[in-house]
Amino acid sequence: MDRSREQLYDASNDAVNLVLVDSNDKLLQNRLASAVRNQLSTESYALYGKSFIQIVSPNRRILGESGDRDIKYDLYKSNNIIPSKEFLEYGKAEYVSTKDALYVRIVQPYRLYRSTERNFIVLTFPLTNYSLSEIKEYAYLTKEDKVFILSKDGYLYGELSLDKVDDFFGNFKFNKVGRELSDNKYYFSEKKIGDDYYYLGMLALKNDNSDDYIGDIGVAISKNDFVAIKYMLATIILVVGILAVVISTALCARIFAKLLSPLNALADKTEKIGVNDEKDKGGIDFKEENIFEIRSISNSLKFMAERIEENEKLLKQKNNKLNTNLNRLVAVEKLLMGIDLVGSLSEGVNEVLRTLTSEVGLGYSRAIYLEYGEERDELSVKNYAINPSILANTEKYTEGINGFTFQINNIGEMIPLLNVKYEPGGIFWESMESGRIIYHNDKGFKYTYGNKLFKTLGLKNFMVLPVADKDIKIGCILVDYFGKDNLISEEEVEVNNLLLMNLLIRIKNAMTEESKLMKERYLTMSKVSNKFIKNNKKLINHIETFIENLTNNGYNNKDIDKIKRHLRDEKRKNIVIKDSLDSSKNDFEVFNFEKLIEKIVKNSEKILKKYGINTSLFIDFSGNMYGDKKKIYQMFIQILRNSINAILTRNKLDKKINIVVVGDKNHRIILEIIDNGVGMTQEEVKAVMRPYSDVKGDSIMGTGLITIYKIVKEHNGFMTISSELDIGTKIRIIFNEYREETNQ
């Protein structure tokens with residue numbers, strides 16, 4: 001059944017690429033179903049010639065179909081024509097029982113061309129399509145042994161010659177058998193069928209995550225004169241097999257050697273029996289009928305010795321695979337114990353890349369980290385790592401058709417060109433949006449990444465590890481087995497899932513700590529600001545009393561008016577500070593963003609002209625925003641004040657502020673305010689987010705950026721600051737556009 005799932009996966013990919021389904025049009029979906037069936041029939045006509053393909057939507061609506069109509073009507077009669085929603089979402093394969101047959105049903109999801117919409121391809125075919133002769137060969141059964149399939153609804157298929165199914169269980173209670181099969185998943189008994197005696201074994205067929213009994217597959221083993229020997233030896237092999245799984249390969253090999261030695265010796269001795277009619281040296285006279293039986297035992301022993309040798313090799317392979325996975329788990333455990341994501345995320349990611357590409361770690365050839373940038377809404381390569389063993393032996397790993405040396409030695413030069421737009425259609429987007437690992441044991445040039453340069457990297461047997469879930473998007477890591485023949489296994493994927501789960505938990509914890517720290521800073525700033533406002537009020541009251549006394553005594557009115565203007569400014573600042581710190585006063589509404597910006601610039605013209613600052617305004621957005629109009633106004637004014645102060649500090653003749661407002665295709669408002677003021681160093685840019693500190697140390701609100709940042713966060717926005725000393729500063733703020741159809 002696992003092979004059928006793989007074949008459906010390959011057939012679905014080929015069919016989707018061939019048909020390019022971009023809508024749920026019935027004609028297109030029928031063509032897709034037909035293409036999938038043709039691909040499967042080409043793979044194995046004996047298995048899929050009689051099958052039924054359905055294209056099903058997430059809400060269980062049949063979009064298209066193709067295949068055997070007898071299967072369709074049989075499923076329809078038993079009310080099994082449409083798979084359950086749980087099976088579509090979480091299932092991989094299930095059994096479906098009807099009165100006339102027992103079916104295997106397999107599901108494979110796919111996405112519409114250049115869309116996030118997902119449908120399902122469902123394959124249904126009779127269990128009887130699997131060859132019974134292959135089953136017998138796999139189980140080492142003889143011609144006298146029988147194989148059969150039985151459904152709970154009474155359908156029987158196989159090598160037993162029975163007129164009625166009920167007669168099969170005539171000598172013992174079927175209800176008891178059904179109950180034991182349901183409880184224990186298997187049943188074993190001795191049974192007479194016709195004139196022959198058999199050992200009867202049945203295995204219950206059940207679907208994953210379900211206790212429903214569908215039917216069973218059974219084996220009737222012939223009970224003959226040598227059955228005791230057969231079962232005795234079979235038991236020995238079974239015990240040795242179980243021991244081999246538990247203990248090491250070396251000890252396993254010794255047990256096999258001990259077991260094979262007497263079997264081979266016995267087989268060699270029995271070959272010489274009956275070569276002539278003379279008596280054996282021991283005085284035993286072998287009659288003709290006994291010679292035939294002993295030779296049969298000899299052949300059985302030889303066959304058994306060969307089987308044991310084959311099983312020894314198989315168990316060694318499995319043991320090596322187990323050791324590899326154990327080494328991976330140890331490497332992941334060491335990584336998680338030593339990694340620090342709180343101090344520096346980039347350093348932590350680099351440590352992950354080194355572990356992924358270390359031969360004592362996870363052993364991948366290459367690991368490339370792509371980080372998600374919310375500002376540009378894209379993935380960009382931040383770092384990469386290459387297996388040291390491959391770096392030291394580049395020619396060996398690139399000889400023949402394995403690849404080219406630039407795919408190892410020149411990846412660093414390609415990094416600036418490997419940006420990927422974060423949008424549907426690419427494998428990175430699919431992995432991060434679903435939060436699941438995507439892997440292919442295949443050449444990488446066949447797949448879509450969002451940037452065609454990834455197809456030139458020579459990816460082979462590759463995997464995308466998403467550092468993302470429904471809450472956060474950090475990025476993803478691309479790993480592969482370049483130059484190696486390793487295949488990615490399910491166990492390997494589970495180990496990487498464990499690594500990603502722990503990384504995400506630690507990153508979220510680090511982000512939570514940062515958020516707490518920001519809140520503590522803001523609370524501190526609120527307390528100090530309130531104290532400042534209170535003291536400032538007292539000072540203003542004293543000055544007002546002083547002015548009143550001056551006025552009454554006839555002092556210079558111009559000086560008094562000047563002091564009054566300063567007082568009004570201080571009062572207004574107090575109100576702005578208080579309102580900015582009071583998050584309980586948010587008054588959200590829908591307003592036109594373009595008109596608000598134009599109003600702010602117009603109201604600021606007087607002070608900008610006073611200081612000789614030229615202003616340019618470019619607006620290519622006429623939509624609305626949902627937010628607190630008053631606070632957005634305050635935020636913009638605070639940014640303008642910072643720019644004016646920076647320009648006056650630099651004191652050059654060319655004074656200018658550029659304001660740009662545009663919308664993008666993702667329904668976002670992008671606001672940029674660029675000045676040619678004094679600018680800041682990178683250390684100073686980091687420092688301005690601290691409350692009550694600016695680069696000069698002489699501002700009440702610092703540069704006010706902590707307050708601006710708070711307003712941006714309250715409106716679910718995003719802010720970045722870039723600056724160069726003596727060049728200027730650019731503040732970029734992104735808000736969501738209000739869309740009436742979604743009320744957001």
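Helices (H or I, at least four residues) and strands (E, at least two) are DSSP runs, numbered from the N terminus. The structure is a predicted model, in which local features need pLDDT of at least 70 and side-chain atom pairs count only at pLDDT 80 or more, while totals for chains, interfaces and linings use all residues. Residues are numbered from 1 along each chain as its sequence is written, and side-chain values use heavy atoms, with hydrogens and water left out.

**View 1. A positive surface patch involves helices α19 and α20.** Lys564, Arg565, Arg568, Lys606 and Lys610 form the patch. Patches are made of residues with over 30% relative accessible area and no salt bridge; like charges are joined within 9 Å, and nonpolar side chains (Val, Leu, Ile, Met, Phe, Trp, Tyr) within 5 Å. Lys and Arg count as positive and Asp and Glu as negative, whereas His and the chain ends are not counted. The place of a charge is taken as NZ of Lys, CZ of Arg, CG of Asp or CD of Glu. Helix α19 (557-581) and helix α20 (593-610) each give two or more residues to the positive patch, and α19 gives the most, with three. Lys606 is placed in helix α20. This lysine counts as exposed because its relative accessibility is 74%; buried means under 20% relative accessible area, exposed over 50%, and partly exposed in between (1.4 Å probe, protein chains only).

View 2. Accessible areas come from the Shrake-Rupley method with a 1.4 Å probe; for residues, only the protein chains shown count as cover. Leu498 belongs to helix α18 and, at 35% relative accessibility, counts as partly exposed.

**View 3. Arg366 is a buried residue of strand β11.** The strand comprises residues 366-373, and the relative accessible area of Arg366 is 3%. The side chains of Arg366 and Asp480 are joined by a polar contact of 2.6 Å. A polar contact is a pair of N or O atoms within 3.5 Å; within protein, one must be able to donate a hydrogen and the other to accept it, and residues adjacent in sequence count only if both atoms are side-chain atoms. The side chain of Arg366 also reaches the backbone oxygen of Gly458, at 3.5 Å.

**View 4. Ser12 is a buried residue of helix α1.** Helix α1 spans residues 2-19, and Ser12 has a relative accessibility of 2%. The side chain of Ser12 reaches the backbone oxygen of Leu8 at 2.7 Å.

**View 5. A salt bridge joins Arg111 and Glu430.** The closest N and O atoms of this pair are 4.0 Å apart. The pair links distant parts of the chain, with Arg111 in strand β4 (residues 102-111) and Glu430 in helix α17, 319 residues apart. A salt bridge is a side-chain nitrogen of Lys or Arg within 4 Å of a carboxyl oxygen of Asp or Glu, and the structure holds 17 of them. Both partners are partly exposed: Arg111 has a relative accessible area of 24%, and Glu430 has a relative accessibility of 23%. In helix α17 (residues 427-434), the buried residues are Ile427, Phe428, Trp429, Ser431 and Met432. Gly435 follows α17 and has a positive phi, near 70 degrees.

**View 6. A salt bridge joins Lys631 and Glu714.** The N to O distance between their side chains is 3.6 Å. Lys631 in helix α21 (residues 629-650) and Glu714 in helix α23 (residues 705-714) are 83 residues apart, and the pair links distant parts of the chain. Lys631 is buried, with a relative accessible area of 3%.

View 7. Arg60 counts as partly exposed, at 35% relative accessibility. Asp726 is partly exposed, with a relative accessible area of 44%.
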